[in-house]
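Hi,

Here is the structure I promised to pass on. Have a look at it first, and then read my notes below.

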Amino acid sequence: MIRRLSIVVVAIVATAGLCGESDDPDIAMVPSSFTDLTAEIDRALDDDPVWVIAGSSRLVRQLADGAAADLLITADAATMEQALADGLVDTTLGVVARNRLVFAVAPDNPGGITSVEDLGDGDRFLGVCAPEVPCGRLAAAALDELGIEVAADTEEPNVRALALKIARGELDGGLIYATDARAFSLDTVDDVRLEAFVTDYVAASVHGGTTGIPAFLRSDEGRALLESRGFLVP
């Protein structure tokens, strides 16, 4: 059985003091862009971990609040460095995947978006991730480098939430990861300048916890899975 529990459920597990007992399932905290990988990882490892899926910054806040976990994967190095500095994780296990930024447009492109410069058009409905989350930081770096001041109508708390609004046509477009554009079959603006903006997914054990997930992602099978979903491999 594949289990994807909410933060609330995991908090209950932590409160009950179950983490660390030998017969407990592993608890893996992963960013929202890993949503479509979890079932395949379960099958490959013949395991049944508890998946906690949310924006990277929210996952770190949950650890700070005492949530139990064995593994944390964040969607950029900056978020993991903060978790390390705060003593929430042990030494990192390195980069397990990469992702790149794309400008995705809504189905049938109702906004008539044709270039990255359209991000500065206040007449279109556009979205980015919030600046404190990895996809928001990556988008801000891209916009700064390209000299574009985005006229964003929303700043979403994670990339999956933003991709969903684009897929539903609530937005004309937005800056998301390539994997989320693929997951929702969204067209993207073809612009080589965005290809330089890539984020690293960093893994770390939490308080001595161990899982086979990082090793699997670095295996031939794991790398093939990542590439099939649009991730870049280290």
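"Buried" here stands for under 20% relative accessible area, "exposed" for over 50%, and "partly exposed" for what falls in between, using a 1.4 Å probe and protein chains only. The strand and helix names come from DSSP runs, numbered from the N terminus: helices are H or I runs of at least four residues, and strands are E runs of at least two.

Before you go further, please keep in mind that this is a predicted model, in which local features need pLDDT of at least 70 and side-chain atom pairs count only at pLDDT 80 or more, while totals for chains, interfaces and linings use all residues. Residues are numbered from 1 along each chain as its sequence is written, and side-chain values use heavy atoms, with hydrogens and water left out.

**Strands and their partners**

Two strands count as paired if DSSP finds at least two bridges between them. S8 pairs with S5 in the antiparallel sense over five bridges, and Ala104 stands opposite Gly174 of S8. S8 also runs parallel to strand S6 (residues 126–129), with two bridges joining them. There, Gly127 is the residue that stands opposite Gly174.

S9 is mostly covered too, with six of its eight residues buried. It pairs with S4 in the antiparallel sense over four bridges, and the bridge partner of Leu72 in S9 is Ala204. S9 and S5 are antiparallel as well, over seven bridges, with Ala97 standing opposite Tyr201 in S9.

**A helix with two faces**

Now find helix H4 (residues 77–85). Which of its residues are buried? They are Thr79, Met80 and Ala83. What do the buried residues of H4 pack against? Their partners are helix H3 (56–64), strand S4 (71–74), strand S5 (92–105), helix H5 (134–146) and strand S9 (198–205). Just after H4, Gly87 takes a positive phi of about 70°.

Phe197 sits in the loop between helix H7 (178–183) and S9. It is buried, with a relative accessible area of 12%. Leaving aside neighbours within four places in sequence, Phe197 is in contact (heavy atoms within 4.5 Å) with residues including Asn99, Leu101, Leu138 and Glu145. Phe197 and Leu138 are 59 residues apart in sequence and 6.8 Å apart in space, C-alpha to C-alpha.

Asp108, in the loop between S5 and S6, is exposed, with a relative accessible area of 79%. Its phi is near 65°, a positive value in a residue other than glycine. His207 lies in the loop between S9 and helix H8 (213–218). His207 is exposed, at 61% relative accessible area, and its phi is near 50°, again positive in a residue other than glycine.

How many cavities of 30 Å³ or more does a search of the whole structure find? It finds one. On a 1 Å grid over the protein atoms alone, a cavity is a set of points where a 1.4 Å probe fits but cannot get out, a pocket is an open set with protein on both sides within 12 Å along at least five of seven lines, and lining residues have an atom within 4 Å of a point. Points are joined across faces, edges and corners, and a volume is the space filled by probe spheres set on them.

The largest cavity has a volume of about 80 Å³. It is lined by 13 residues, and Ser32, Gly55, Ser56, Pro134 and Val159 lie nearest its centre.

The largest pocket holds about 150 Å³ of space. Strand S3 (50–54) and H3 are the elements that give two or more residues to its lining, and H3 provides the largest share, three residues. Among the lining residues of this pocket are Arg58, Arg61 and Glu132.

Happy exploring!
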